[in-house]
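Please keep the sequence and the 3D view at hand while reading.

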Amino acid sequence: MSTARRKYPIGIQTFSKIREEGYLYIDKTEYVYRMTHTNSRYMFLSRPRRFGKSLLTSTLHAYFEGRKDLFAGLAIEKLETEWTEYPVLHFDMSLGKHMDVDGLNRYLHYLLRNNEERLGVSACETEDVNVRLSSLIMDIYRQTGKKVVVLIDEYDAPLLDVVHEEENLPVLRNVMRNFYSPLKACDPYLRYVFLTGITKFSQLSIFSELNNIKNISMLPEYGAVCGITQEEMETQMAPDIALFAGKLGTSAEKALEALKENYDGYHFTWPSADVYNPFSLLNAFSDGMLESYWFGSGTPTYLIEMLRKFDVQPSEIEGIEAVAEDFDAPTERMESITPLLYQSGYITIKEGYPYGGIYRLGIPNKEVRTGLMSSLLPNYVQRKSQQGRVTIVKMSVAVSEGRMDDALRLLQTFLSTVPYCNHTNYEGHYQQLLYVIFSMMSYEVDVEVRTPRGRVDVVMRTATRLYLIELKLDKSADRAVE
């Protein structure tokens with residue numbers, strides 16, 4: 001297939017559609033074989049949104065239905081010899097958002113009805129979703145004589161938007177716990193259970209006694225099960241890089257470097273190959289542009305709310321240290337924002353010391369850094385955030401061209417628009433504001449940098465210069481220079 005006619009599966013999460021209609025597919029079927037040929041029959045995978053979880057779930061669906069034709073030419077074709085067909089229950093929870101208890105119950109009944117009709121099973125007349133699910137599993141087993149596969153995609157979607165609400169979270173969590181409860185009782189009738197999600201709600205509270213789920217999220221053998229690795233870029237996507245470079249009017253090497261800076265840098269275990277954000281990467285190839293695709297597709301309100309709840313300063317997001325247990329912390333009993341930031345994809349593993357169980361976390365790439373800081377900017381400039389973003393772009397151009405005087409004049413104008421309020425009368429507020437501004441300009445920036453002679457308020461690095469910034473509020477420049 002020529003690169004000019006390459007079709008990118010943007011927004012397409014159905015494996016059969018991708019294969020039948022000739023869309024680009026990065027072969028992940030070796031992982032599918034590995035996942036389905038282990039001692040663990042219950043598995044959970046956490047990955048950020050738009051990272052390919054739904055496509056992986058759909059691939060498992062096609063595999064368990066024995067659709068060998070869809071896997072022609074893929075890695076699993078040489079591994080699988082039996083292609084046994086199983087009945088598959090597939091639940092997509094992604095539309096179960098922004099609902100009250102009644103709405104969520106209706107949605108669960110809707111999903112159950114769809115599966116009943118697809119598999120030709122008579123509906124169980126009951127208002128209890130757990131009874132209906134139990135009946136469905138056992139009826140399928142009796143009719144087919146085969147164990148049932150259960151796939152649950154985005155299992156936590158109904159709870160994410162209320163994770164910061166002490167009143168609504170327990171109520172909706174009970175609904176979901178009730179729905180998932182048959183997965184334990186129906187174990188004799190189940191061949192395989194797979195759940196995906198963003199967050200890790202504690203097994204005790206949402207899965208009841210279902211304590212045999214294997215969490216594969218941080219296992220080295222599944223580090224690249226979702227997303228696109230550097231090796232896959234340079235082999236399976238080499239034609240796409242060449243075409244992208246042509247659109248940018250640059251070399252393939254420089255195009256790859258730009259893609260890496262913007263969309264690479266994820267690690268879900270350590271050591272780990274670099275993983276690119278697949279949603280942003282495919283959009284960039286399709287448009288021939290470097291834009292903020294993943295972040296622009298929606299910053300979850302729950303994330304901003306949780307940053308406020310835990311009083312996290314922008315500069316504190318980078319360089320977080322955590323132990324292995326922190327990644328698996330139950331979301332509803334979090335003591336810090338770290339698990340949610342990591343699971344949501346806003347920070348990733350930068351370094352690890354697995355034997356000691358300590359990891360250093362940070363923002364993965366330019367797209368996430370600029371997008372996250374842009375979302376935090378309104379906390380400092382309130383209604384002037386649009387004007388502020390324009391000014392920051394102009395400042396970035398001035399700094400890149402070495403026109404620091406022009407950049408400082410723009411900064412002075414920008415700071416004059418910051419409205420006075422109770423929390424603007426101390427230097428720390430402006431220190432964080434400058435951190436946000438310089439981060440949005442994509443420069444390396446640190447605050448409170450220690451030196452033998454004291455601490456530097458802000459340090460900014462460009463490709464050619466190092467800037468040391470001392471902040472003084474209501475004091476002279478001479479005092480700062482001292």
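How many residues line the second largest pocket, and which of them lie nearest its centre? In this predicted model, the second largest pocket is lined by 26 residues, and those nearest its centre are L411, L434, I469, E470 and L471. The points below take up that pocket, then the largest one, and then the aromatic rings.

**The second largest pocket**
- The volume of the second largest pocket is about 710 Å³.
- At least two lining residues come from each of α20 (385–400), α21 (404–415), α22 (427–440), β13 (466–469) and α23 (477–481), and α21 gives the most, with six residues.
- By residue type, the lining of the second largest pocket divides into 20 nonpolar, two polar and four charged residues.

**The largest pocket**
- The largest pocket holds about 1000 Å³ of space, and among the 43 residues that line it, Q13, R49, R50, F51 and G52 are the closest to its centre.
- The lining of the largest pocket is made up of 21 nonpolar, twelve polar and ten charged residues.

**Aromatic pairs**
- The model contains 21 aromatic pairs, one of which joins F51 and F268 in an edge-to-face arrangement, with 5.6 Å from centre to centre and 85° between the planes.
- Elsewhere, ring pairs link F15, Y25, Y63, F64, F71, W83, Y86 and Y192 into a cluster.

**Charges over rings**
- R47 lies over the face of F268, at 4.1 Å from the ring centre, and F268 is the ring that also pairs with F51.
- R191 places its charged end over the ring of Y86, 5.5 Å from the centre of that ring, and Y86 is itself a member of the cluster of linked rings.

Terms used
Residues are numbered from 1 along each chain as its sequence is written. This is a predicted model: local features need pLDDT of at least 70, side-chain atom pairs count only at pLDDT 80 or more; totals for chains, interfaces and linings use all residues. Side-chain values use heavy atoms; hydrogens and water are left out. Rings of Phe, Tyr and Trp (its six-membered ring) pair if their centres lie within 6.5 Å; planes under 30 degrees apart count as stacked, over 60 as edge-to-face and the rest as tilted. A charge sits over a ring if NZ of Lys or CZ of Arg is within 6 Å of the ring centre and within 35 degrees of the ring normal. On a 1 Å grid over the protein atoms alone, a cavity is a set of points where a 1.4 Å probe fits but cannot get out, and a pocket is an open set with protein on both sides within 12 Å along at least five of seven lines; lining residues have an atom within 4 Å of a point. Grid points are joined across faces, edges and corners, and a volume is the space filled by probe spheres set on the points. Ala, Val, Leu, Ile, Met, Phe, Trp, Tyr, Cys and Pro count as nonpolar, Asp, Glu, Lys and Arg as charged, and the others, Gly among them, as polar. Helices (H or I, at least four residues) and strands (E, at least two) are DSSP runs, numbered from the N terminus.
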